[in-house]
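Dear colleague,

Here is the structure I promised to pass on to you, followed by some notes on what was found in it.

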Amino acid sequence: MTQPLADARRDRIVEILRREGTVRVTDLAARLDVTPVTARRDVALLADEGVVRRVHGGAALADPADALPGPAGDTGPRTTPPSTGLRLGIVVPSLDYYWPGVLHGVREAADDVGARVVLRGSSYDAADDDRQLTWLVEHGAVDGLLLAPDLRPPGGDALLARLATLDLPVVLVERTATTGTPRESVVSDHALGAGTAVHHLAALGHARVGLLASPTSPTTPHVRRGWRAACADLGLPLDGTPDVAAVPYRDPRWRESADAFLDACQATGTTAVLVHSDPEAISLVERCQERGLRVPGDLSVVAYDDEVAGLASPALTAVRPPRRAVGRAAVELLVARLRDPGRPVHRVTVTPELLVRESTAAPG
């Protein structure tokens with residue numbers, strides 16, 4: 001429930017805006033002797049009521065006749081912003097794989113609450129994450145941040161330390177901070193997703209399930225943990241079962257690496273595999289076909305991610321993380337934090353789903 005704004009502070013904000021036209025949130029906080037988070041919340045509440053509108057990190061009195069300034073180089077009129085006037089910054093490590101689904105959820109949830117999204121594309125590199133974060137803090141005029149950073153040490157540790165110094169609420173997306181200041185986060189339960197795949201394969205009668213996974217993806221440790229736990233729970237052997245860090249499918253060594261993995265599967269009687277992610281799974285199936293191995297007759301294959309798995313031939317059974325739901329939940333957490341800075345830290349976990357297609361069957 002939205003907290004009421006004290007009448008005295010409300011009157012003071014309106015007085016400042018009437019006299020000066022616009023004011024930055026940081027300046028407003030100093031003049032009201034409150035934290036910037038409180039000032040942002042006050043402005044958001046007044047925007048909800050239609051008293052003020054947000055402009056580039058500040059506020060102005062609401063006036064439908066006014067035109068808001070657009071991006072650099074855009075001098076044309078703009079429509080009145082949504083009622084909350086919130087600007088949410090987001091940094092994701094990819095704009096062409098996995099993350100577009102998350103961004104769709106972010107956009108939907110932001111539209112629901114009348115917020116604008118300021119997107120920055122990064123890479124799987126902590127230094128690049130820090131550059132994009134710096135831009136959002138210094139130039140993005142954002143009220144809160146959604147981040148999917150590379151948290152591997154040492155760069156990840158430095159980034160988390162920097163987040164602790166920011167006077168902005170932060171929600172981690174598909175990442176969880178296990179050290180330092182508790183951070184709100186929304187993640188897919190990748191371990192459970194991997195376990196679901198193993199249970200599916202075991203139910204079909206497979207007695208040994210291998211794993212081929214990316215050595216660089218932040219998702220891989222969770223997938224491996226879920227795979228190992230499910231195999232142990234089901235009594236499936238792990239000793240000798242192929243557990244391989246995949247060479248990227250575009251790497252010139254991919255063919256050699258795939259052959260070594262398939263040789264290990266045949267040598268150990270491994271009749272089913274879980275592969276992270278889709279491109280490697282599709283390429284592995286293609287290599288099986290080139291070697292005369294039937295999928296699923298000789299080897300059942302489950303892909304992890306389900307970005308393009310359904311387009312393969314045969315269509316691949318796949319684990320689909322709830323990307324859109326993750327994006328929506330992240331925005332909901334961030335908005336809730338902006339409206340109530342004193343609320344407990346929340347960590348949300350969303351369950352992936354298994355889509356059974358043509359690439360899995362009982363052992364041939």
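The second largest cavity has a volume of about 50 Å³, where a cavity is a set of points, on a 1 Å grid over the protein atoms alone, at which a 1.4 Å probe fits but cannot get out, and a volume is the space filled by probe spheres set on the points. Its lining residues, which have an atom within 4 Å of a point, are Val 91, Asp 129, Leu 133, Leu 147, Ala 148, Pro 149 and Leu 159.

Please keep in mind that this is a predicted model, in which local features need pLDDT of at least 70 and side-chain atom pairs count only at pLDDT 80 or more, while totals for chains, interfaces and linings use all residues. Residues are numbered from 1 along each chain as its sequence is written, and side-chain values use heavy atoms, with hydrogens and water left out.

Val 91 has Leu 147 in S6 as its bridge partner, and strands S4 (residues 87–92) and S6 (residues 144–147) pair in the parallel sense over four bridges (strands are DSSP runs of E, at least two residues, numbered from the N terminus; pairing requires at least two DSSP bridges). Both belong to an open, parallel sheet of six strands, ordered S5-S4-S6-S7-S8-S14. Strands S5 (116–121) and S14 (347–350) stand at its edges with a single partner strand each, so one side of each is left without a neighbour in the sheet.

Elsewhere, His 206 is buried at 2% relative accessibility (buried means under 20% relative accessible area, with a 1.4 Å probe and protein chains only).

Best wishes

How values were computed: Buried < 20%, exposed > 50% of the residue type's maximum accessible area, 1.4 Å probe, protein only. 1 Å grid on protein atoms, 1.4 Å probe; cavity = no way out; pocket = protein on both sides within 12 Å on 5 of 7 lines; lining within 4 Å.
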